[in-house]
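Please examine the sequence and the structure shown below. The explanation that follows leads through them step by step.

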Amino acid sequence: MTLEELVACDNTAQKMRIVSGAVEQLLVAAPRRGRLEFSLDGNDPDSVVLCLLATDEEDADDIALQIHFTLIQAFCCDNDIHILRVSGMQRLATVLGENPQDNSEPRDLHCILVTNPHTDSWKSQGLEEVASYCEESRCNNQWVPCLSLLER
């Protein structure tokens with residue numbers, strides 16, 4: 001491995017840690033502001049700024065979920081909505097404060113939307129970092145970047 005490849009690998013790992021932290025920061029801040037939705041139904045596409053598609057390895061064989069994701073990705077691309085695929089459903093549930101001990105029906109966390117209505121401009125460092133990462137990925141022809149949320 002050359003020095004350039006080693007530096008590029010280290011920079012990529014560092015960037016992934018930064019973006020992962022930004023996603024977590026965003027997922028903690030957004031619900032407090034009423035900016036998190038768990039369905040495309042009834043949402044104005046102009047107010048959606050980020051779509052997180054969450055899976056784990058066991059979801060790879062779920063054909064229905066993959067078709068669902070394909071349709072959501074097409075919708076997001078048509079409406080200029082940033083898309084990010086994340087893995088680490090357990091960490092995602094923890095960040096969102098989902099309680100597995102609760103007897104209520106668990107929410108489906110496979111598709112999470114972050115909204116920002118034009119009537120109330122919300123500034124979030126986490127959202128800016130994630131949006132920048134998505135734009136950078138598109139410039140590198142990676143239309144749906146992937147990220148792992150790591151357990152702590």
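**From a helix to the core**

Glu 128 lies in helix H4. The model considered here is a predicted one. With a relative accessibility of 46%, Glu 128 counts as partly exposed, because that class covers values between 20% and 50%. Along the chain, Glu 128 and Leu 26 are 102 residues apart, yet 9.5 Å separates their C-alpha atoms.

The interior may be considered next. In soluble globular proteins, nonpolar side chains tend to be buried together. Here the largest nonpolar core has 27 residues, and those touching the most other members are Val 23, Leu 27, Leu 50, Leu 52, Leu 84, Leu 92 and Ile 112. Two or more residues each come from helix H1 (3-32), strand E2 (48-55), E3, helix H3 (89-95), strand E4 (111-115) and H4. The greatest contribution is that of H1, with 6 residues.

Another core lies apart from the largest one; it has 12 residues, including Leu 53, Ile 72, Cys 76 and Leu 113.

Two loop residues remain to be described. Most residues other than glycine have a negative phi. Asp 80, however, has a positive phi near 55°, and is found in the loop between helix H2 (63-78) and strand E3 (82-87). Asp 80 counts as exposed because its relative accessibility is 72%. Asn 141, also not a glycine, has a positive phi of about 60°. Its place is in the loop between helix H4 (125-139) and strand E5 (146-148), and at 64% relative accessibility Asn 141 counts as exposed.

Methods: Residues are numbered from 1 along each chain as its sequence is written. This is a predicted model: local features need pLDDT of at least 70, side-chain atom pairs count only at pLDDT 80 or more; totals for chains, interfaces and linings use all residues. Side-chain values use heavy atoms; hydrogens and water are left out. Helices (H or I, at least four residues) and strands (E, at least two) are DSSP runs, numbered from the N terminus. Buried means under 20% relative accessible area, exposed over 50%, partly exposed in between (1.4 Å probe, protein chains only). A nonpolar core is a set of buried Ala, Val, Leu, Ile, Met, Phe, Trp, Tyr and Cys residues joined through side-chain atoms within 4.5 Å.
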